[in-house]
Amino acid sequence: DLDSLCRTQPDGSLRLSWAPLLPQEMADQLLHKMAAQGTLNDRTVGIFRSCEQLRLRRACVRSSPLSAEAFRLALCPHRLQELDASGVPGGLTGAHILSGLASNPECRASLQRLTLSRLQLGWTSLEVKEEQVGFSSLQGLRTLNLANTDLTDPFLEDICTLPQLEVLDISSTPVTELSALLGCRLTLRSLTAHGLRQLDMSPARVISILSQLHALRHLDLSDDRFVSGDEAVRLLLEGGSGILPALVSLDVSGRKKVTEGAVTAFVEGRRGLLFLGLLATGAGSCDVLSGKNNLKVAGEANEKQICESLRRYRERECFTREALVHLYQLTNDMYDQTRPDILKLVLGGMQNYSKSLHVQLVASACVFNLTNQDMAVGMPHPLLSAVVHQVLEAMRSFPSHQQLQKNCLLVLCSDTILQDVPFDRFEAAKLVMNWLSGHVDRTLQRMAVAVISILVAKLSTEQTTQLGADIFIMKQLLGIVQQKAMAGVVDSTLKFALSALWNLTDETPTASRHFIQCQGLELYEEVLETYSSESSIQQKVLGLLNNIAEVEELQADMMQEDLLEHVVTLLQGPQVEVGVSYFAGGVLAHLTSRQDAWTLDQGLRQTILEQLHAAILTWALPEREMVSYRSFRPFFSLLQTSQPAGVQLWAVWAMHLVCTQNGVQYCHMLQVEGAVELLKTLSSDLDTHSNVRGMAESILGMVERHQTTSNPLRTQTEKGHHGRS
């Protein structure tokens, strides 16, 4: 919360109002964290102008929008040892960075590691006080990464005069000549020359130069164009141990038609080899590789090679995608193995390339294979939470791609993920609803509705209200109910849709109003007729009608004799389950509780009240949880001493039910919300019916017992939902 700790300067940047002298490592971590979270910019980077309190040594401003002036003022005064400015947008060029660093004499000597990948270098502005500033001005540089920049031959020559240069990455640059490398042949230990598309040298000349780099231990000549075997690579592999005999790592991934014989000869001639990159070469199955336990191979021949590829190629989209394709084929057969180690690698690919459709498509398919059925049960929840976050990000980024959306939906449709893993369920519900609107595939529709039903049941009242404010969602779910009812089918899609609607209208008047506006009452009356013998359907329908009946302004819409006749029919009878009868009673209790709002025949109201009272006396407590409530407040009006006995009896029976099944939660809820006082008043009133009084006293007894025995540390009210039954 920087704003509360800072004051704003005239130029708009922030300064810390006060700060102790922080350990240098902490200042580095703070800068890195701000960059990673996307909060580092011209305004916030101003806090690092306080060089006395926040001393930077290893600075990371990766992908942060910084101007040249903000960079110069905030970072260049520090005695930096490392700087990662890769992919920085906002006009900051390599030239600005170089001239800024060179302006600090301490930096000239102290800076050892510089990363400017994916940055416009802007050579034309590298003139400072009529003196050209080059990389050679940073005499302490040991590691330099210029991958995917506009590096040219003259500046490569300048770089290669650095006296201590050990690690150089010139991948995907327009360099045409490598002769300059001879300038650092005694110090250069690692050369990454991936995808040099404009190299204009004979293969023999390339090998001649490389063979003179006597200190070289790591060489990367890979290419993500997946081109046919390059002659220079062939010469290197087949040239025997006389060429670069001290190499411990070689990467030729993407070089098609590399022969197994050439790989075998190369490996056998170098006993100290520790890494070999062979992804997309077709040579990863060499027998010689299986006998080298200390040799790591990035390839596609087996699980070990594929995982190494995902670890090794985090910065290369094409190789990441290639490795994921092979991983998907591998995970098709992982039916009973929980592999968090592999899922973590897939997650890394999704995070690094969140805007790449190709990566997200194959990665989401891998995630489904790795979390399908019971495989998610043993996964660490933080890992699954991060995976779901990326899945939702993919759904947001590519809303029109049907297969990707399908993959993501398949991932979400997991009991472990939906029930136990923390993630943004509100956002997920919206994304799945949007997907559902444009697709009619029955299998996917069933999954989507199931996901929505479970997600909505776990939202807070505020989130449910926001979701219910969108009438489009109500129309979609009612459309599914109507589609199923017209066909007269009873399937899980219908049940999930009814549950979703039930939860969506729970204590949300806006959603309840939309239900009325979308002709929901007429549809639900038809459903009660169509499914007259299906108690599971009836219970969900009546549960929603309960939610509508709780909203006083909507009670008038429910004053329909035909509708009430259906509800009364389900109030009692030998074939009616207690769950159905209970919710039918709830609808009738709310509608008859306001005599002044009753617009039908008063005789009908009196008959309903008598039947309600009689029916409740026949109910037996169900063995399993039938309903859960997030609040008792909708019952308060029913507990007034002026209410008819049938109305009061339904309310106290409902309270007694949930307190019996979950006393810790609901007895505490009664106290917190003030319902205990209402029950005491009801119990002491001389006009209260004996049935009502007896049940009210029973509830008060339960509350008193839980008060005496409960642990005060376990009294936090949990949120429940009507639709959980």
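**Close-up views of a predicted model**

**Figure 1. Leucine 477 and its contacts from elsewhere in the chain.** Apart from neighbours within four places in sequence, leucine 477 contacts Met433, Ala497, Ala500, Leu501 and Leu504. The model shown here and in the views below is predicted. Leucine 477 belongs to helix H21, which spans residues 471–487. Its relative accessible area is 1%, so leucine 477 is buried. Glycine 91 is 386 residues away from leucine 477 along the chain. The C-alpha atoms of leucine 477 and glycine 91 are separated by 49 Å.

**Figure 2. Cysteine 408 in helix H16.** Helix H16 covers residues 402–412 and holds cysteine 408. Cysteine 408 has a relative accessible area of 0% and is therefore buried. Neighbours within four places in sequence aside, cysteine 408 touches Ser364, Val391, Ala394 and Met395. Alanine 485 lies 77 residues from cysteine 408 along the chain. Between the C-alpha atoms of cysteine 408 and alanine 485 there are 29 Å.

**Figure 3. Aspartate 158 in helix H6.** Aspartate 158 is located in helix H6, residues 153–159. Why does aspartate 158 count as buried? Its relative accessibility is 18%, and the cut-off for buried is under 20%. Beyond its neighbours within four places in sequence, aspartate 158 makes contact with Gly134, Phe135 and Ser136. Glycine 183 is 25 residues from aspartate 158 along the chain, with 9.3 Å between their C-alpha atoms.

**Figure 4. Packing of helices H28 and H29.** Two packed helices are described by the angle between their axes and the distance between the axes. Here, H28 comprises residues 602–616 and H29 residues 645–661. Their axes come within 8 Å and cross at roughly 35°. The crossing of H28 and H29 is left-handed. On the H28 side, the contact involves Leu609, Leu612, His613 and Ile616. On the H29 side, it involves Ala645, Gly646, Val647, Leu649, Trp650 and Trp653. Of the residues in this contact, 8 are nonpolar, 2 are polar and none is charged.

Figure 5. A pair of aromatic rings is described by the distance of the centres and the angle of the planes. The model has 12 aromatic pairs. One of them joins tryptophan 502 and phenylalanine 583. Their ring centres are 5.3 Å apart and the planes stand at 90°, an edge-to-face arrangement. Tryptophan 502 lies in helix H22 (residues 492–504) and phenylalanine 583 in helix H27 (residues 578–592). The pair links distant parts of the chain, 81 residues apart. Both tryptophan 502 and phenylalanine 583 are buried.

Tyrosine 582 and tryptophan 619 make another pair, with centres 6.1 Å apart. The planes of tyrosine 582 and tryptophan 619 meet at 65°, so this pair too is edge-to-face; over 60 degrees is the cut-off for that class. Tyrosine 582 is in helix H27, whereas tryptophan 619 is in the loop between H28 and H29. The pair therefore ties together parts 37 residues apart in sequence. Tyrosine 582 is buried, as is tryptophan 619.

Which residues form one aromatic cluster? They are Trp502, Tyr582, Phe583, Trp619, Tyr629, Phe632, Phe635, Trp650, Trp653 and Tyr666. Trp650 and Trp653 also take part in the contact of H28 with H29.

**Figure 6. Arginines over phenylalanine rings.** Arginine 312 places its charged end over the ring of phenylalanine 275. The distance to the ring centre is 3.6 Å. Arginine 425 lies over the face of phenylalanine 423. Here the ring centre is at 4.5 Å.

Figure 7. Most residues other than glycine have a negative phi. Arginine 118 has a positive phi, near 60°. Its place is the loop between strand S5 (113–115) and strand S6 (127–128). Is arginine 118 buried, partly exposed or exposed? With a relative accessible area of 41%, arginine 118 is partly exposed.

Leucine 244 also has a positive phi, of about 50°. Leucine 244 sits in the loop between helix H8 (231–238) and strand S12 (249–251). Its relative accessibility is 4%, so leucine 244 counts as buried.

Terms used
Residues are numbered from 1 along each chain as its sequence is written. This is a predicted model: local features need pLDDT of at least 70, side-chain atom pairs count only at pLDDT 80 or more; totals for chains, interfaces and linings use all residues. Side-chain values use heavy atoms; hydrogens and water are left out. Axes are lines fitted to C-alpha atoms, for helices over the stretch in contact, and angles run from 0 to 180 degrees between N-to-C directions. Helices (H or I, at least four residues) and strands (E, at least two) are DSSP runs, numbered from the N terminus. A crossing is left-handed if the near helix is turned anticlockwise from the far one by less than a right angle, and right-handed if clockwise. Contact means heavy atoms within 4.5 Å. Ala, Val, Leu, Ile, Met, Phe, Trp, Tyr, Cys and Pro count as nonpolar, Asp, Glu, Lys and Arg as charged, and the others, Gly among them, as polar. Rings of Phe, Tyr and Trp (its six-membered ring) pair if their centres lie within 6.5 Å; planes under 30 degrees apart count as stacked, over 60 as edge-to-face and the rest as tilted. Buried means under 20% relative accessible area, exposed over 50%, partly exposed in between (1.4 Å probe, protein chains only). A charge sits over a ring if NZ of Lys or CZ of Arg is within 6 Å of the ring centre and within 35 degrees of the ring normal.
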